[in-house]
Amino acid sequence: MRIPFGHRFTPRLSLGLAATVLAAIAMVPAQATPSNPEGMKAHIAAAEKVAASHPDLKGPLNLCKTATGAPASSFMANYKKWSAETPLPPMQVFDNLYFLGAKWTTAWAIKTSDGIIVVDAMDNASEAEHYIEGGLRKLGLDPAQIKYVVVSHAHGDHYGGADYLQKKFHARVVMSTIDWDALDKLRNDPDALKKVNPLFGPPPARDMAVNDGDTIKLGDTTVTEHLIPGHTLGTLATTFTAFDHGKPHHAVAWGGTAYNFGPLPDRLQIYADTTKKFTDVFGKDNIDVVLSNHVSFDAAVAKMAKLKERKAGGPNPFVVGNDEVKGFLTILGECALATKDSLPAK
Ligand SMILES: [Zn+2]
């Protein structure tokens, strides 16, 4: 049976689409004999080597646990824990970029001369209201200026708040054609919809569809959408210029990371191919800032703590350099290949 998004292939995923990053880690049975144990070890070693010289990349290195089957705590337990902890305050991290996230999932706001582009919409209306709308207000920005909400992919922890922003601020909701199609399939399948974690808001009404290389221009700002198939087949990465005291940097918001689509060797290969391709693309574009929609992958909490302590003229911790951006992609790709090699032979 083909399952929408390939998300539910073990009973522990009755949480549905919510069981993303953390549950994914425990999804490959540790007992199964890997089809290629040597390859698996080599790929893990390659990922570890990169992380050893880039402490920010310890988070992404956890993706290799999908290959080793290391136990992970459950998503709901963590969600409750994170929700009970002090929420992350919103923060301006570049002249034109704002963090609006929580411990689980992140939204980013790009300020332009003609309104705001929000990247990702968090889990549901209440989070969109609290973190995105409320966060913008706390930072002195007007949420009524949200013109676009780019949803990186059709998983509830990123589209769940989009319906709220669409209805309240008449923001255009942007997603790839492929993931809109996936969301429409879900929308029209009552049984599948029932299995989606009730934590997530409803799928937003189908709106603006983009494809690889499409741009969104708003005022003085142009963002580019890149199709990065892997986490879902239509995941988007958004690139844009982030200004630090007027100095331009090249940022990417990488839209999908975990291998929670199931034990699918072909899909893991597509994922790894994407990371290879974008190592080149982002090298040419000299991308030097990498953002995620989960703080567990971009070390945003540590970077914001450093940013608070920043001395005049000191570096912005979000500017990591192209080498680290490439390292991020290398770890994602190597851990994907390790996971592929960890799957039992057919
Ligand atoms: Zn996802």
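Is the crossing of α2 and α14 left-handed or right-handed? The crossing of these two helices is left-handed, a term used when the near helix is turned anticlockwise from the far one by less than a right angle, with right-handed meaning clockwise.

Before going further, please keep in mind that this is a predicted model, in which local features need pLDDT of at least 70 and side-chain atom pairs count only at pLDDT 80 or more, while totals for chains, interfaces and linings use all residues. Residues are numbered from 1 along each chain as its sequence is written.

**The chain and its core**

The protein chain has 14 helices and 12 strands; these are DSSP runs numbered from the N terminus (helices H or I, at least four residues; strands E, at least two). Of its 346 residues, 54% count as buried, meaning that 20 or more other C-beta atoms, placed from the backbone, lie within 10 Å of the residue's own.

In soluble globular proteins, nonpolar side chains tend to be buried together. Here the largest nonpolar core holds 92 residues, and Ala107, Trp108, Val118, Ala121, Val149 and Leu165 touch the most other members. Helix α14 (residues 322-342) gives this core its largest share, nine residues. A core of this kind is a set of buried Ala, Val, Leu, Ile, Met, Phe, Trp, Tyr and Cys residues joined through C-beta atoms within 7 Å.

Leaving aside residues up to four places away in sequence, Trp108 touches Leu97, Tyr98, Phe99, Leu100, Val119, Asp120, Ala253 and Leu291. Contact means that C-beta atoms, placed from the backbone, lie within 7 Å.

| Pair | Angle between axes | Axis distance |
|---|---|---|
| α2 (residues 37-53) and α14 | about 160 degrees | 8 Å apart |
| α6 (residues 125-138) and α8 (residues 162-169) | roughly 65 degrees | within 7 Å |

The axes are lines fitted to C-alpha atoms over the stretch in contact, and angles run from 0 to 180 degrees between N-to-C directions.

The angle in the α2 row makes α2 roughly antiparallel to α14, the word for angles over 145 degrees. Among the residues that meet are Met40, Ile44 and Ala47 in α2 and Ile331, Leu337 and Ala338 in α14. By class, this contact has 10 nonpolar, five polar and two charged residues. Ala, Val, Leu, Ile, Met, Phe, Trp, Tyr, Cys and Pro count as nonpolar, Asp, Glu, Lys and Arg as charged, and the others, Gly among them, as polar.

In the second pair, α6 and α8 are roughly perpendicular to each other (65 to 115 degrees), and their crossing is right-handed. Ala125, Ala128, Glu129 and Ile132 in α6 meet Asp163, Tyr164 and Leu165 in α8. This contact has five nonpolar, no polar and two charged residues.

Key:
A residue is buried if 20 or more other C-beta atoms lie within 10 Å of its own, exposed if 12 or fewer, and partly exposed in between; C-beta atoms are placed from the backbone. Two residues are in contact if their C-beta atoms, placed from the backbone, lie within 7 Å. Angles under 35 degrees count as roughly parallel, over 145 as roughly antiparallel, 65 to 115 as roughly perpendicular and the rest as oblique.
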